[in-house]
Amino acid sequence: MMTDTPESVTLVPIDRIEILNSRDRNMKIFEEIVENIRTIGLKKPITVTEREGADGTTAYLLVCGEGRLNAFRLLGESHIPALVVNVTDEDAFIMSLAENIARKGHRPLEILADIELLLAREYSIDDIIQRTGLSEKYVRDIVFLLEKGEERLIEAVQNGTIPLTTALEIARAKHDDESLGDMLEEAYKTGQLKGHQITDA
C-alpha cells in the first residue's frame, strides 16, 4: 500500500492539513485526549500524506489522528508532529477507515457506516475483510443488513433503540418471513422482547 515508510517525524502546519474522512467524536474521549496532550504531550504522531494545495504550496491530507489533530487545534498549537507517508487518495482513505475500525471504543454504527462507504466504492466483501481486519462473519452480517435495504432497522441502530446484533436477527427473520420480522421489530421496540429473546424467537 505505502510506497515508503517515514523514518522521522516532521512538524506540519495545522492549517495546511485537510481531514479526508471526518468523524463525530465521543466528547468524553476527546476531552481525555486533550487533557493527556496538555499534561504529557503527544505520544503518537499523526499520519499525513503530502499534496499540492490550491495555492500551489504544500498541503496535507490527514490519514490517521483526527482526535489528536483537533486536540492540538483546541490547545492553540500551530504545528503538529506527523509521519508523512506517500500514498494515493484511495489508500489514505482506506488507512483512515482501518484506523477508525481498530480504534478502541469504535461503535458498531460507525463500522456499519464505514463498510457502507467501502461497498459504495465497489470493494468486495473479501477486500473489506482483508483491509479492516474485521471477522468474516461480522462483515457478512453487516453487508446482509445493508443489502436487504433495512432502512428502518439501520435507523433504529443509529438512534440507539436496537443494538446491531438484534437488528441482524430481525433482518434474518424478515428474510424468511416478512410479517414475523416486523412483529419481532415491534416487540423489541415496545420492550416485549429483549435481545436474547429475539434470537430464541
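Colleague: In which sense do E3 and E5 pair, and over how many bridges?
Modeller: E3 and E5 pair in the parallel sense, over four bridges. Strands here are DSSP runs of E with at least two residues, and helices are runs of H or I with at least four, numbered from the N terminus. Two strands pair if DSSP finds at least two bridges between them.

Colleague: Which residue in E5 does Thr47 stand opposite?
Modeller: Leu83 is the E5 residue opposite Thr47.

Colleague: Where do these coordinates come from?
Modeller: This is a predicted model, where local features need pLDDT of at least 70 and side-chain atom pairs count only at pLDDT 80 or more, while totals for chains, interfaces and linings use all residues. Residues are numbered from 1 along each chain as its sequence is written, and side-chain values use heavy atoms, with hydrogens and water left out.

Colleague: What is the strand order in the sheet?
Modeller: The order is E1-E5-E3-E4-E2, five strands in an open sheet with mixed pairing.

Colleague: Why is one side of E1 and of E2 left without a neighbour?
Modeller: Strand E1 (10-13) and strand E2 (17-19) stand at the edges with a single partner strand each, so one side of each has no neighbour in the sheet.

Colleague: How does E1 pair with E5?
Modeller: E1 and E5 (residues 79-85) pair in the antiparallel sense over four bridges. Leu11 has Pro81 in E5 as its bridge partner, and Pro13 has His79.

Colleague: Switching to helices. At what angle do H1 and H2 cross?
Modeller: The axes of H1 (residues 27-40) and H2 (residues 66-74) cross at roughly 60° and come within 9 Å. Axes are lines fitted to C-alpha atoms, for helices over the stretch in contact, and angles run from 0 to 180 degrees between N-to-C directions.

Colleague: Which residues meet there?
Modeller: Phe30, Ile33, Val34 and Ile37 in H1 meet Gly67, Arg68, Asn70, Ala71, Phe72 and Leu74 in H2. Contact means heavy atoms within 4.5 Å.

Colleague: Last topic, charges over rings. Where does the charged end of Arg121 sit?
Modeller: The charged end of Arg121 sits over the ring of Phe93, 3.7 Å from its centre. A charge counts as over a ring if NZ of Lys or CZ of Arg is within 6 Å of the ring centre and within 35 degrees of the ring normal.
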